[in-house]
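Let us walk through this protein together, from its overall make-up to some single residues. Please keep the sequence and the model open as you read.

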Amino acid sequence: MCIINRQCCVLTNSFVDFYHSHIESEILKIRYKVEIDDTHPSHTPYSHKIKAVCSLAKKKLNGVWTKKTLYKRFPILRWMPPYKTDDAIGDLLAGVTVGLTVIPQALAYANIAGLPTQYGLYGSFLGCLLYIFLGSCKDVPVGPTAVAALLTFQSLGGKGIEHAILLCFLTGVVQILMGLFGLGFLIDFVSGPVSSGFTSAAALIIVTSQMKDLLGIEASGNTFVDTWKSLFHDIHHVRLWDTILGVICIVILLLLRMVAQINIGRTEAPTKSDRIINKSLWVFGTSRNAILVVLCGIIGYMFCRNGEPPFLVIGTVPQGLPDFKLPPFGFSKEINGTTVVTTFVQMISDLGSGIIVVPLVGILENISICKAFANGKPIDPTQELIAIGTANLLNSFVQSFPGTGSLSRSAVNNASGVRTPLGGLYTGVLVILALLFFTPYFYYIPKATLAAVIIAAVVFMVEVKVVKPMWRSKKSDFFLGIVTFVSCLVLPLEQGILIGIGINLVYVLYHAARPKISVEKLFSRGGTEYLLLTPDRCLIFPSTDYVRNLVTKHSIRQGIPVVIDCSHIYGADYTAATVIESITSDFASRDQPLLFYNLKPSVSSVFEGLSPKDFVVFYNHDEVDELLKNRSCIKKQMEIMD
């Protein structure tokens with residue numbers, strides 16, 4: 001490598017760049033002067049500023065509202081034009097099937113959130129309709145989920161429906177802002193072990209929260225431990241018939257789940273009768289929640305006609321659609337003759353960290369579903385943030401609590417043969433019909449049945465299968481998953497997942513601050529011995545001192561020329577540049593050669609910004625001998641460079 005030629009090229013390029021920039025600035029000055037001279041004398045400089053701002057805004061808007069962006073932000077424009085009859089049939093069947101699943105689940109999820117039953121249905125229709133226009137995944141049915149309901153319950157702390165509706169509104173706002181500012185990458189900081197620990201703990205907490213209805217007793221608590229303490233405290237009030245009915249319902253649901261997986265006949269080339277039988281079994285097993293709720297509702301109705309039923313029932317569910325109105329940004333209630341006013345700021349304070357955790361977990365759940373059914377296609381987190389955020393924002397106008405995409409309903413949707421997001425239309429219509437005509441019959445549904453529906457669904461969310469592979473793969477990941485799992489059980493769920501994410505970030509920062517450096521003693525082709533140091537990642541400020549100490553220690557111990565292989569260094573910052581300057585100075589003072597091999601030009605420019613002493617870069621192994629043997633030549637060339 002010829003360093004003098006390289007420096008000349010750099011100086012020449014710099015002069016050319018300066019010359020062009022100077023000429024360009026002069027042209028801009030002349031153009032600006034001409035524009036000022038050509039304007040009407042009555043125009044003031046202030047009017048020119050307004051025109052410039054308006055022109056810039058117009059250009060920005062024209063750049064944003066391009067055809068490509070429009071198709072990206074409204075995916076319906078892509079799949080609606082080629083929509084066919086086969087697509088309509090597939091969406092109809094899938095939408096109705098999902099609708100039969102979501103109605104009993106919504107009734108139960110409202111119970112998890114600690115809200116009246118009808119509020120689960122309020123959040124199950126508008127989001128499905130909005131997702132048709134904004135959603136990018138055909139399999140996602142938007143609505144209440146078990147995890148979102150549990151987070152809502154813990155965020156509310158018993159504050160009431162006003163706080164739940166405001167939380168839904170704020171969840172939508174946060175998710176939309178994250179989408180507009182491109183913050184979808186934040187979910188990448190929730191690693192697999194953290195997600196598994198959180199999901200498994202949430203499943204156990206949900207099961208625990210339903211034990212009170214399964215046993216027919218009163219219990220409360222915001223955490224897994226507190227709820228079980230309350231259950232044991234009231235265990236002597238267990239209602240026998242509620243328990244028997246709940247256990248029977250769980251067994252039936254698990255059996256019907258197995259029925260949905262039965263395949264009769266040959267798998268490769270089934271006959272027409274085999275296909276009809278298998279499809280009938282699948283529909284029967286998939287609709288198990290709706291079938292069981294209807295049957296138990298009939299049983300409850302028969303008992304209620306003859307007097308008091310032996311088990312607890314849901315009770316009155318208001319009929320009709322909710323009023324479309326603004327979410328409460330403050331409210332007042334009369335308590336014991338005294339009007340108590342709760343301001344918006346106080347409501348925000350009451351919700352606490354739930355304002356951040358609920359949106360983050362919601363989009364994490366939704367993106368996981370999109371990835372599961374993407375079939376290798378790329379996922380647009382920004383569009384999903386906008387879609388789910390808009391759904392939550394407008395759901396708050398119909399008195400809903402936060403929701404997102406449901407994994408169980410997405411699996412049903414996919415297996416039902418859904419073709420496009422239009423399947424959500426039929427799901428939403430079915431929920432609307434239920435609110436308009438069937439809510440009086442919900443009165444007779446036993447609470448134990450809804451508890452069984454939830455328990456039978458979420459028990460499979462406990463990710464036991466990942467424990468052994470995680471242990472075999474990496475013990476630290478297993479430890480991270482266990483810590484997250486235990487934290488979510490002992491503490492409120494939002495605090496538990498924040499602890500898991502925090503520990504995960506510490507892991508990431510530790511590895512960034514402690515890069516591995518391989519050390520090898522090699523001989524060049526000419527027989528010169530040198531020490532090769534190879535860092536395995538970028539040089540950024542947390543790792544610079546660590547790298548400097550390692551390089552210094554090995555170089556002083558060996559006392560031979562050092563070559564740093566920079567093949568894996570794709571980035572650096574100012575702090576790294578100062579350390580490189582210091583290292584090169586130390587090597588020069590010891591008269592010990594230091595060479596940098598295969599340094600990326602972008603990284604080299606960062607280092608050269610501080611003009612380090614004796615900074616030598618080469619890109620060919622054949623140059624090692626020449627550079628190491630001709631030390632005096634190198635010094636002379638560096639003097640010329642200075």
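Helices (H or I, at least four residues) and strands (E, at least two) are taken here as DSSP runs, numbered from the N terminus. The model is a predicted one, in which local features need pLDDT of at least 70 and side-chain atom pairs count only at pLDDT 80 or more, while totals for chains, interfaces and linings use all residues. Residues are numbered from 1 along each chain as its sequence is written, and side-chain values use heavy atoms, with hydrogens and water left out.

Let us begin with the whole protein. There are 28 helices and nine strands. Of its 642 residues, 46% are buried, where buried means under 20% relative accessible area, exposed means over 50%, and partly exposed lies in between (1.4 Å probe, protein chains only). Contact means heavy atoms within 4.5 Å. Among contacts between residues at least 6 apart in sequence, 78% join residues at least 24 apart.

Next come the annotated spans. The unreviewed UniProt entry places the feature "transmembrane region" at several stretches, including residues 88-107, 164-187, 240-260 and 344-364; UniProt positions are given in the numbering used here, feature names are shortened, and annotations may be inferred rather than shown by experiment. How do two of these spans look in the model? Residues 164-187 are 71% helix and 0% strand, with end C-alpha atoms 24 Å apart. Residues 240-260 are 95% helix and 0% strand, and their end C-alpha atoms lie 31 Å apart.

Helix α16 (residues 354-372) deserves a stop of its own. With 19 residues at 1.5 Å a residue, α16 should span 27 Å, and its end C-alpha atoms are 26 Å apart, which agrees; the expected span is 1.5 Å times one less than the number of residues. Because 15 of its 19 residues are buried, α16 is largely enclosed by the rest of the structure.

A look at the cysteines is quick. The structure holds zero disulfides, a disulfide being a pair of cysteine sulfur atoms within 2.5 Å. C296 is in no disulfide, and its nearest cysteine sulfur, that of C249, is 3.7 Å away. C296 counts as buried at 5% relative accessibility, and C488 is buried too, with a relative accessible area of 0%. Residue S487 sits in helix α22 (residues 475-490) and is buried, at a relative accessible area of 12%. Leaving aside residues up to four places away in sequence, S487 touches G496 and I499.

Now turn to the sheet. Five strands form an open sheet in the order β5-β6-β7-β8-β9, with mixed pairing; two strands pair if DSSP finds at least two bridges between them. β5 (517-523) and β9 (617-618) stand at the edges, each with a single partner strand, so one side of each is left without a neighbour in the sheet.

β7 runs parallel to β6 (residues 529-535), joined by three bridges, and L531 stands opposite V562. Towards β8 (residues 594-597), four bridges join β7 in a parallel pairing, with D565 opposite Y597. The chain of partners continues with β8 and β9, which pair in the parallel sense over two bridges, and Y597 stands opposite F618 in β9.

In a regular strand the side chains alternate between the two faces of the sheet. Which residues cover the faces of β7? V562 and I564 lie on one side and V563 and D565 on the other, and all are buried.

S585 lies in α25 and is partly exposed at 35% relative accessibility. S585 and F615 are 30 residues apart in sequence and 9.1 Å apart in space, C-alpha to C-alpha.

We finish in two loops around β8. Most residues other than glycine have a negative phi, and most peptide bonds are trans. D591, in the loop between α25 and β8, has a positive phi of about 55° although it is not a glycine, and is partly exposed at 45% relative accessibility. N598, in the loop between β8 and α26 (601-608), has a positive phi of about 55° and is not a glycine either; N598 is partly exposed, with a relative accessible area of 25%.
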